[in-house]
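I opened my notebook for a first look at this structure. Come along and have it in view while you read.

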Amino acid sequence: MARVLTPRAEDFPRWYQDLIAKAQLADNGPVRGTMVIRPTGYAIWERMQAEMDGRIKVAGAENAYFPLFIPESYLRREAQHVEGFSPELAVVTHGGGKQLAEPIVVRPTSETVIGEFMAKWVDSYRDLPLLLNQWANVVRWELRPRVFLRTTEFLWQEGHTAHADEADARAYARKILHEVYEDFMVNVLGIPVLVGLKTARERFAGATHTYTLEGMMGDGKALQMGTSHELGQNFARAFDITYTSAERAVEHAWTTSWGSSTRMLGGLIMAHGDDNGLRVPPRLAPIQAYVMVVKSGDGVTEAATKLRDALRDAGIRVGFDDRVDTPFGRRAVDAELKGYPVRVEVGPRDLAAGNAVLVRRTGGSKTPVPVADVVSAVLAALEADQRTLHDEALALRESRTASVDTLDEAIEAAGAGWALVPWSAVGVEGEAKANAQAVTVRCLRRADGSVPDSEDEPELTAVLARSY
């Protein structure tokens with residue numbers, strides 16, 4: 001496999017690009033910074049969508065769709081918002097062969113256009129909370145693009161909600177943070193994220209509070225996996241999102257927004273991948289068990305087909321490979337690269353002994369298993385390897401996280417991983433000093449690991465790291 005992928009320890013960024021290409025996850029698009037997501041990569045994204053969408057709906061939000069094009073004047077209504085996104089905007093000035101009367105922005109996010117319609121749809125307190133989500137693409141003009149991590153166009157979900165009071169908005173933003181994002185990332189992606197509050201410097205443009213989920217990648221850097229924002233009444237005032245209260249007073253609503261994107265695919269690669277390719281957590285994997293005919297022989301294909309059907313009947317997502325005209329070694333390497341959790345190899349020799357061979361992507365074990373026991377063995381392997389991937393990622397994070405007392409120690413420790421340091425030892429000036437050395441405050445947390453309400457709370461811990 002060393003001839004297929006650059007070893008991670010030798011050149012982590014090159015390994016990442018190699019893996020995306022060799023596992024057929026994506027290609028660079030024809031416009032700089034865009035990407036073509038290939039079927040293997042898109043199947044993983046579809047599984048992410050399905051898992052996330054179910055959790056979002058349980059949280060009470062409904063899916064809708066809003067336009068890709070937004071009048072430039074909409075963005076200018078919320079000053080902090082347009083200022084925050086200004087360098088990243090793609091603007092359409094001509095259409096139909098003519099100059100447009102007003103430039104149109106290709107959406108970088110949809111607070112402004114959704115705010116316009118919230119104002120139209122909300123009249124009374126009985127209309128609240130209004131809980132919306134959309135699955136869409138957005139465009140942010142990236143200067144240093146990297147596939148999945150930072151692309152000019154990417155896919156995501158963005159939730160937008162309006163509430164009658166601040167407490168309800170805060171509770172909902174945190175509900176999404178924990179019950180949708182954290183639950184999915186920990187229990188499906190197998191990535192043990194740290195959840196915390198962003199500093200004012202790192203806050204989403206126009207928000208009053210930004211909550212984040214940070215994952216450690218295989219090289220010790222941090223990746224922001226998703227965010228949930230309290231927007232206060234900033235957008236409600238800008239777009240006149242008002243409602244008549246039960247006391248017949250006209251009040252501005254309190255809004256939230258929250259999003260996660262195809263960046264999670266990059267996180268999946270960098271958190272779980274190894275020198276043999278991708279490792280997809282079983283609960284996420286589009287193909288959990290890959291049944292392979294090693295070579296043709298008396299009854300081999302028939303036995304493999306029966307195993308495929310038995311696995312499928314047990315609720316396992318199954319792939320099937322009977323391409324005996326392609327060398328088996330090449331097919332096995334391809335399956336390793338794509339990270340199928342379990343392979344079930346069926347060949348004449350093993351079948352004559354009443355067995356199939358169970359190959360586990362995590363750990364690499366190859367075990368002869370009686371054909372009658374294959375389904376139970378696969379189910380056990382999938383459950384065990386889901387835990388193993390999470391535990392390996394957690395062990396890496398713990399081994400590369402240092403607790404220190406000063407800002408200088410934190411900056412030094414961030415060269416190898418994450419640093420935990422008292423926020424009081426950093427502060428606004430220290431944060432600027434760290435930023436100048438390519439180190440950022442990823443989030444703030446309380447001593448018990450819970451998420452603070454404000455960066456002004458006493459005895460907070462700051463997590464500092466280099467990041468993607």
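**Entry 1: the largest cavity**

How do the residues of the lining of the largest cavity divide into nonpolar, polar and charged? I was working with a predicted model, and I found 5 nonpolar, 5 polar and 1 charged. My search of the whole structure gave 2 cavities of 30 Å³ or more. The largest cavity has a volume of about 50 Å³. Its lining includes Glu111, Ile114, Gly115 and Met118, and also His160, Thr161, Thr255 and Thr256. I then looked up which elements these linings draw on: α5 (111-121), β8 and β14 each supply at least two residues. Helix α5 gives the largest share, 4 residues.

**Entry 2: the second largest cavity**

I turned to the second largest cavity, with a volume of about 30 Å³. It is lined by Arg279, Val280, Pro282, Pro341, Arg361, Thr362 and Leu389. By class I noted 4 nonpolar, 1 polar and 2 charged residues.

**Entry 3: the largest pocket**

Next I looked up the largest pocket, which holds about 1500 Å³ of space. I found 45 residues lining the pocket, and Glu88, Arg140, Arg150, Gln224 and Arg263 lie nearest its centre. Among the elements that give two or more residues to this lining are α4 (79-85), β11 (222-230) and β22 (440-445). The lining residues of the pocket divide into 13 nonpolar, 17 polar and 15 charged.

**Entry 4: helix α6**

I checked the length of helix α6, residues 166-187. At 1.5 Å a residue, its 22 residues should span 32 Å, and the end C-alpha atoms are 30 Å apart, so the two agree. I also noted a bend of about 30 degrees at Tyr181. Tyr181 is one of the buried residues of α6, along with others including Ala169, Tyr172, Ala173, Ile176, Leu177 and Val180. I jotted down a reminder here: an α-helix has 3.6 residues a turn, so residues three or four places apart point the same way. At the start of α6, a side-chain oxygen of Asp165 comes within 3.2 Å of the backbone nitrogen of Ala167.

Arg170 is also buried in α6, and I followed its side chain to Glu230, which it meets in a polar contact of 2.8 Å. Glu230 is found in strand β11. Is Glu230 buried or exposed? Its relative accessible area is 3%, under the 20% cut-off, so Glu230 counts as buried.

**Entry 5: a look at some loops**

I found Tyr65 in the loop between β3 (62-63) and β4 (69-71). Tyr65 is exposed, with a relative accessible area of 53%. Tyr65 and Leu132 are 67 residues apart in sequence, yet their C-alpha atoms are 9.2 Å apart in space.

Then I went through the backbone angles, keeping in mind that most residues other than glycine have a negative phi, and most peptide bonds are trans. Leu128 and Pro129 are joined by a cis peptide bond, with omega about 0 degrees. Pro129 lies in the loop between α5 and β7 (130-139).

Asp240 is not a glycine, but has a positive phi of about 55 degrees. I placed Asp240 in the loop between α7 (234-239) and β12 (242-244), and at 48% relative accessibility it counts as partly exposed. Arg248 is not a glycine either, and its phi is positive at about 70 degrees. Arg248 lies in the loop between β12 and β13 (250-252), where it is exposed, with a relative accessible area of 74%.

Notes: Residues are numbered from 1 along each chain as its sequence is written. This is a predicted model: local features need pLDDT of at least 70, side-chain atom pairs count only at pLDDT 80 or more; totals for chains, interfaces and linings use all residues. Side-chain values use heavy atoms; hydrogens and water are left out. The expected span of a helix is 1.5 Å times one less than its number of residues. The bend at a residue is the angle between axes fitted to the seven residues ending there and the seven starting there. Buried means under 20% relative accessible area, exposed over 50%, partly exposed in between (1.4 Å probe, protein chains only). A polar contact is a pair of N or O atoms within 3.5 Å; within protein, one must be able to donate a hydrogen and the other to accept it, and residues adjacent in sequence count only if both atoms are side-chain atoms. On a 1 Å grid over the protein atoms alone, a cavity is a set of points where a 1.4 Å probe fits but cannot get out, and a pocket is an open set with protein on both sides within 12 Å along at least five of seven lines; lining residues have an atom within 4 Å of a point. Grid points are joined across faces, edges and corners, and a volume is the space filled by probe spheres set on the points. Ala, Val, Leu, Ile, Met, Phe, Trp, Tyr, Cys and Pro count as nonpolar, Asp, Glu, Lys and Arg as charged, and the others, Gly among them, as polar.
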